[in-house]
Every structure is written in structure tokens, then in C-alpha cells.
Amino acid sequence: MRTRKGKDGPRRGDDFSTIMMICIAASALSAIWLFAPALAASSESTSSDDALTLRAGIYSMEFPPVFNALKRPSYNYLNELYGATHIGLAFFDSDFAPKPCLASKWEVSPDGSSIEFDLVENATWHDGTPVTAEDVKFTYEYWRDNQLYRQGGWLNAYLDNVEVLDDYTGVIHLKEPYAYYFIKSLFPSVYIVPKHVWEKVEKPRDYGEPDGMIGCGPFIFERIDRDADTAYFKANPNYFQGLPAIDGIEWKHFRTVDSALLALMKGEIDVLIDESPEGVLAPSLLGEKGMTIEVGPDPGLPLLIFNYKKYPLNVTDFRKAVSYAIDYQSLVDAIQAGYGEVPGAGILPTCVVESNPDLPNLEYNLTKANEILESLNFIDTNGDGIRNLPDGSELRFQVIAWNSQKHMRVAEMLNTMLRKAGIEFEPYTNELPVLQKMVWTDRSYDMHIDFHDPYMTALGFATIDLVPLQYGTCTDPRFSELYNATMSAKDQEELSRAVYDLQDYYAEELPGIALYWSKSIYPYRSDRFEGWVPLEGYGLTSHQSWFSIKPVDK
């Protein structure tokens with residue numbers, strides 16, 4: 001086996017980014033094996049005995065009927081975060097700060113409503129065609145016009161147009177002064193696609209031709225072996241930033257997390273690239289020879305979200321009573337096996353740079369919960385253990401658990417906890433389209449538990465109802481003003497101030513309650529590869545990892 005010295009990735013900046021951008025990413029890498037052939041000329045794997053190949057295991061999602069770079073779930077799992085076959089104007093640094101990628105530099109206008117960008121001049125698509133500003137213009141407007149996922153919705157609301165100045169220079173014009181957010185969020189997550197491929201495609205989600213996987217990233221999709229549940233990628237010899245540190249990647253799909261972990265322990269795969277395994281699985285991995293568990297911060301969090309359209313969920317004191325009735329440490333111990341911590345009232349985990357350390361942690365205090373409920377005149381009038389409202393109806397609510405076994409366990413634990421305060425908390429699940437309609441369209445739920453990436457999603461997306469693209473129910477003008485201040489921040493200092501103010505609002509009003517702060521767990525074969533540059537909360541693979549990993553000397 002030959003070895004290559006990995007190319008150094010960009011240095012981690014002193015100015016850390018928040019994780020505000022990932023409206024589209026509440027899930028991690030899980031469907032890379034799903035793609036159909038991208039290039040007819042690459043129908044056979046080129047792996048050989050001396051090739052340096054990474055064997056990666058993934059364990060969620062089923063095969064979709066059509067495979068292409070713009071088909072869920074491939075659009076974000078392979079490309080948005082990890083920069084394998086497709087890349088954006090920027091890529092995410094390990095702390096989610098945007099670093100130059102296809103764009104060598106950019107400049108924001110003084111009023112924050114436009115961004116001029118310069119492209120690198122040596123990037124080519126996998127078929128050899130140069131990448132130009134026309135591709136950038138086409139991509140952003142194509143995602144917008146076809147409403148491609150949350151990015152497309154945001155572009156539809158706020159993108160005016162993209163002006164091409166020459167082959168390698170363009171200007172992005174926005175309807176609102178949200179340029180700083182645009183760079184941090186969409187520069188990395190809207191990966192650029194070739195105009196000459198997609199301009200002929202009217203329905204991108206249905207496109208199944210081989211050229212649908214042509215990108216300009218460091219790896220080229222070769223083929224998929226459905227019998228072996230494995231997809232094959234080879235290093236792009238013409239990648240403008242140089243050759244990756246490995247020759248290829250084999251993505252092996254497993255039906256369950258248990259089978260993936262077993263393959264990892266047996267040395268059949270080198271790394272598990274998927275959602276972080278639950279903490280309760282960690283003990284089975286500890287002490288395994290040749291294997292390491294990377295434990296790190298996780299910016300994502302589960303939120304309990306209230307429907308402001310329903311009484312008494314729209315009463316601040318009632319939400320505070322619910323908050324006091326939750327035993328957060330028990331959730332950390334039972335759900336995360338101790339890999340986590342009690343959350344703060346401002347909801348942002350401590351690993352997010354804008355997290356306010358002066359805000360208190362949420363407190364389990366059943367006495368305070370009962371005192372508040374008594375003060376609201378919510379009394380158990382018939383002795384059945386459930387408190388009654390003044391009109392005689394019971395404090396009985398359904399909570400949607402999003403068809404997730406983990407969230408269902410959380411809901412069941414909350415039910416036990418809240419019954420001690422006289423509140424009935426009934427876990428509810430159904431088919432995903434039914435739940436989505438209840439939450440996003442009808443907004444007919446009582447409460448729901450959802451996983452969010454801070455902070456644009458957690459601090460606003462799921463709870464506010466006064467700005468575009470949100471599906472919350474809170475109509476407090478103060479909330480809207482604070483949220484918009486974060487969106488229109490011109491720089492990191494202004495952004496930090498705005499997010500502090502928004503966290504203060506959360507601590508006071510509790511439109512949503514963080515149930516626990518997680519720690520991510522990512523196992524890998526440390527006897528095979530080293531030098532990973534992880535993305536906080538999303539695993540070991542990142543754009544930098546493709547250039548930094550190297551085989552372990554035996």
C-alpha cells in the first residue's frame with residue numbers, strides 16, 4: 001500500500017462561527033451510497049491493491065427511486081457538509097466558519113445587501129468543463145426557482161438575482177441586508193452545480209441520468225453495487241486544491257447501527273460516518289483494540305416547542321412550570337448515557353461561540369412547578385391526579401415525537417415527570433407526512449419535540465411566526481425584532497450582541513425548552529487512519545479531512 005502525505009487544511013480561524021446555518025442539516029451523513037452512476041466513463045471501480053482506500057460505514061435511509069446530486073437525501077449528506085463530489089463557494093471549517101473554496105474571496109457591500117465574489121480560475125467540472133460565474137448564477141437561481149429544500153425557500157424569500165461581471169466574478173444581490181448570514185449559511189450549503197447539465201432539467205428531483213452526479217469536488221462518483229450495498233468514489237486528479245490524501249472511498253450501507261458497529265469492531269470498515277451513535281452504545285465500543293471513540297461537542301439539541309395558539313401554552317408562567325417539572329439530569333443519564341449536560345435557559349450549547357455563559361442552567365424543581373400551577377388556579381378538582389383549568393378541562397396535552405424512537409423515549413420520560421406536577425403529557429406519533437402537516441401547515445399540535453441546529457433554526461425557525469420560512473406560532477413583535485437583528489448583523493461582533501439579546505428573551509419567555517445538551521460520539525479505526533478534522537456535531541469527515549487523514553504506520 002502506498003501512502004500520501006496529506007495536504008494541510010486551512011487553519012482554524014480565531015473568529016469562530018456560530019452554527020446558525022444548518023436549517024437543512026438536522027440530520028448527519030447517511031446516504032452517500034445512494035447515488036446512481038454519475039459518469040458513464042467511470043462505470044468500473046479503479047481500486048487496486050496499492051490504492052489507499054477509506055472504507056466507510058453508514059446505516060440510515062433507504063434507496064430512493066432516483067439518484068442525483070439534487071435529490072434528497074443526497075443533496076446534503078454527500079455534499080453540503082462534507083464536500084466530497086460537490087462543493088460550494090465556501091466550505092465549513094471544523095467550527096462551521098465559512099472558508100474560501102470555489103470563491104477565492106468575497107466582499108460585502110456597506111449596506112449588507114450584496115456580495116461580490118471572485119472564483120478560483122482553475123476549477124473544472126468532472127467532465128473537464130471550466131467552472132464559471134455563470135454556473136454560480138444558474139445554481140442560486142435554480143435552487144430558488146425550484147424551491148429546493150430550505151435553502152431554496154430562503155433564496156426564494158431573499159435572493160433578488162446574481163449578476164455576472166465576467167467568467168470569474170459576480171455579484172449576489174439580496175432583497176434584505178442579510179449578506180453576512182448568506183455567507184455563513186448558504187455559501188457552504190448551496191453547492192454549485194454545472195449549468196450545462198441542469199439547465200435542460202425541468203424537474204430536478206426526478207432526474208435520473210448519469211450526468212446528474214457531475215460535480216467539481218475532490219471525489220468523482222464511479223458506481224454503485226446494489227448487491228453489495230456499496231458505492232465507490234475515486235479521487236479527482238484535477239481538483240483545483242490538489243489531490244486528496246486518499247485514492248478512493250468505499251461507502252458501505254448497513255441496515256442497522258448495530259450491524260455497522262459490529263463491522264467496525266471487526267475491522268471491516270474504518271470509520272462510521274452517520275448520525276452519532278447513542279451514548280448507550282458507547283460501552284460496547286470502549287476498550288476495543290485498534291478503535292478510538294472521538295467524543296466532542298454537539299451544537300444540535302432537542303427542543304420542546306409550545307403552540308402559542310393554544311391556552312395555557314401561550315402563558316409564560318405555565319411554560320415556566322413545565323420547565324421546572326423536567327428532570328434534565330435524568331434525561332442526560334437515560335437518553336445520552338451521561339454523554340451530555342443539563343441545558344441552559346438561553347438554549348444555545350456552550351460549544352457555540354455566542355452562547356451566553358451568564359445565563360443559568362435550567363432547573364428541576366418540582367416544588368416551584370407546583371407553586372406556579374397553584375398560582376394560576378390550575379387545581380386537581382376531581383382527585384384523579386391531573387390538574388384542571390378554571391373551566392373544568394384537564395391539563396392534558398399531546399406531544400409529537402416525530403416518529404423517532406429516541407424522541408419517543410424522551411416523550412415517555414417527560415410524561416412520567418410532568419404527571420408529578422399534575423400535567424398529562426401524551427406522546428403522539430404517526431406517519432411523517434401527517435406529523436409534518438400538523439406542525440408545518442396546520443400548526444394544530446399542542447407541543448412537539450424536534451431536533452435543531454442552533455441558532456437560526458432553534459432560536460427562531462421552530463418558534464416564531466412573523467418572518468418568512470418559519471413554522472412556529474409565537475407572534476410577539478419583540479421576538480421578531482430580536483430575530484431579525486441576528487439575520488441582518490453586519491459582522492461577528494454585531495451578531496454576537498444580537499444573539500445574546502435573543503438568548504435573554506428565551507430565558508425570560510421560554511418559547512422553547514432545550515431538553516439536554518448532547519455530546520457527539522464518533523468511533524473509528526485508529527489502527528487504520530489518523531489526522532481527522534471533525535465537524536463539531538457532524539462527525540469526522542469534512543472537506544479538510546479529505547486532505548489531512550493518513551494511514552497509521554504499522
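First, the term pocket: on a 1 Å grid over the protein atoms alone, a pocket is an open set of points where a 1.4 Å probe fits, with protein on both sides within 12 Å along at least five of seven lines, and lining residues have an atom within 4 Å of a point. A volume is the space filled by probe spheres set on the points.

This is a predicted model, where local features need pLDDT of at least 70, side-chain atom pairs count only at pLDDT 80 or more, and totals for chains, interfaces and linings use all residues. Residues are numbered from 1 along each chain as its sequence is written, and side-chain values use heavy atoms, without hydrogens and water.

The second largest pocket has a volume of about 190 Å³. Its lining includes Lys 320, Tyr 324, Pro 360, Glu 363 and Leu 510. Helix α7, residues 316-324, gives the most to that lining, with 3 residues; a helix here is a DSSP run (H or I) of at least four residues.

Now the rings. There are 24 aromatic pairs in the structure, a pair being rings of Phe, Tyr or Trp (its six-membered ring) with centres within 6.5 Å. Take Phe 182 and Phe 187: the centres are 5.9 Å apart and the planes at 85°, so this pair is edge-to-face, the class for planes over 60 degrees apart. Phe 182 is buried, at 0% relative accessible area, where buried means under 20% with a 1.4 Å probe and protein chains only. Phe 187 is buried too, at 0%. Ring pairs join both into a cluster whose members include Trp 106, Tyr 140 and Trp 154.

Definitions and conventions:
Rings of Phe, Tyr and Trp (its six-membered ring) pair if their centres lie within 6.5 Å; planes under 30 degrees apart count as stacked, over 60 as edge-to-face and the rest as tilted. Buried means under 20% relative accessible area, exposed over 50%, partly exposed in between (1.4 Å probe, protein chains only). Helices (H or I, at least four residues) and strands (E, at least two) are DSSP runs, numbered from the N terminus.
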